[in-house]
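Let's take a friendly walk through this fold, going from strand pairs to sheets, helices, a ligand shell and a few backbone details. Have your viewer open beside the text.

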Amino acid sequence: SRPKIFVTRDDFPGIELLKEKAEIEVFKGTQPSKDEIIAGLKGKQAIYCSLNDRIDKDVLDACKDSLKVIGTMSVGVDHLAWRLCFERGIRIGYTPIILTEAVAELTMALLLATSRRLFEAHNEILQNRWSSWSPMWMCGPGLHEATVGIFGFGRIGQEVARKLKAFRVKKIIYSRFSPGEIENDVGAIKVDADELLKESDFLIVLCSLNENTQHFFNKDRFAQMKPSAIFINVSRGGVVVQDDLIDALKRNVIKAAGLDVTTPEPLKADHPLLALPNCVVIPHIGSATYKSRNEMGEATSQNILLGLEGKPMIHEWKG
Ligand code: GLV
Ligand code: GLV
């Protein structure tokens, strides 16, 4: 008989692939609650989900007689209780590599938007404050000759380093939590986290969210950074104590921030982060190129189908 799959929203790319081989139930709406996920998963062997959908112990307990495969359309797996999944023999498909270029490009966009104050400058025009070309108006630090720190030097971090080379930065330094050196073709220098904080003109966070990185960027860490430093986060809001960041931006402990990720998501328009002129916030669109998102969707469906057939997935999370 055909396997049954719960899909947590109706606009995922790639779900036609599932329809050919399985019975799918699609959640009507964009964001099921935990109870709605549990209800949807009843009797299903697989779930197609995204980083919006928290699959925790309660959910896994509720569907423990049927669930075999989770396919998440994301590179991050911090929304999944994946260790428990492994204990219970539930396989997890995810979408690394496919989105590396898109996220690295978006990181470059945030670096430039923040350092060259693009949104602030655009807003000046909207406010009718463009009175003349003026010599020191809307100045910011350039990337040329800057020291750029990358916190979390994985595939995306390394691609950002490659792109930064073309901007002729002075030095690329990185730190990471997992052991072992990584090959890199850009001459990036490994330093410890303290040196990364102290030396970086731009500090880019591209780590995954886990026990080691949760709330790493707090008041003390911002205080270690240069007052001229620009902080960029394209990983997860949870790596930052956000109130400490807001405070650091208000008191000019650091110069500016560019954020693709926040706590919570979505943010409402009246959130204090959005009132800060030195903070660029965009709504978690790191991987949002047509190509990347379409391929992520297809891979998610293929991962699920391969997982259900007991075959190797395109990309399987192994911890
Ligand atoms: C995006 O944040 C992802 O995990 O794919
Ligand atoms: C800027 O537009 C310049 O001419 O310097």
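In this predicted model, Phe151 stands opposite Ser175 in E7. That pair belongs to the contact between E6 and E7, parallel strands joined by five bridges. Here helices (H or I, at least four residues) and strands (E, at least two) are DSSP runs numbered from the N terminus, and two strands pair if DSSP finds at least two bridges between them. E7 also runs parallel to E8, with two bridges joining them, and Tyr174 is the residue opposite Lys190 in E8.

A word on conventions: residues are numbered from 1 along each chain as its sequence is written, while chains are lettered from A and ligands numbered from 1 in the order in which they are written. Because the model is predicted, local features need pLDDT of at least 70 and side-chain atom pairs count only at pLDDT 80 or more, whereas totals for chains, interfaces and linings use all residues.

These strands are part of an open, parallel sheet of seven, ordered E8-E7-E6-E9-E10-E11-E12. Strand E8 (189–190) and strand E12 (279–281) stand at its edges with a single partner strand each, so one side of each is left without a neighbour in the sheet. Within the sheet, E9 and E10 run parallel and share four bridges; Phe202 has Ile230 of E10 as its bridge partner.

E6, H7 and E7 make a right-handed β-α-β unit (with the strands pointing away from the viewer, the path from the first strand over the helix to the second runs clockwise). Helix H7 lies across E6, E7 and E9, at about 165° to E6. Contact means C-beta atoms, placed from the backbone, within 7 Å; axes are lines fitted to C-alpha atoms, for helices over the stretch in contact, with angles from 0 to 180 degrees between N-to-C directions.

There is also an open sheet of five strands with parallel pairing, in the order E2-E1-E3-E4-E5. Its edge strands are E2 (23–26) and E5 (91–93), each pairing on one side only. Neighbouring strands of this sheet are turned by 20° against each other on average, direction ignored. Three bridges join E1 to E3, which run parallel, and Val7 stands opposite Tyr48 in E3. Helix H11 (residues 290–308) lies across E1, E3, E4 and E5, running at about 170° to E4.

Which residues are around ligand 1? They are Leu51, Ser74, Val75, Gly76, Leu99, Gly286 and Ser287, where a residue counts as near if its C-beta atom, placed from the backbone, lies within 6 Å. By class, this shell has three nonpolar, four polar and no charged residues. Ala, Val, Leu, Ile, Met, Phe, Trp, Tyr, Cys and Pro count as nonpolar, Asp, Glu, Lys and Arg as charged, and the others, Gly among them, as polar.

Asn128, in the loop between H6 and E6, has a phi near 60°, a positive value in a residue other than glycine.

Overall, the protein has 11 helices and 12 strands. With 319 residues, a compact globule would have a radius of gyration near 20 Å, and the protein's 21 Å agrees; the radius is taken over C-alpha atoms, and the globule rule is 2.2 Å times the number of residues to the power 0.38.

How values were computed: Two residues are in contact if their C-beta atoms, placed from the backbone, lie within 7 Å.
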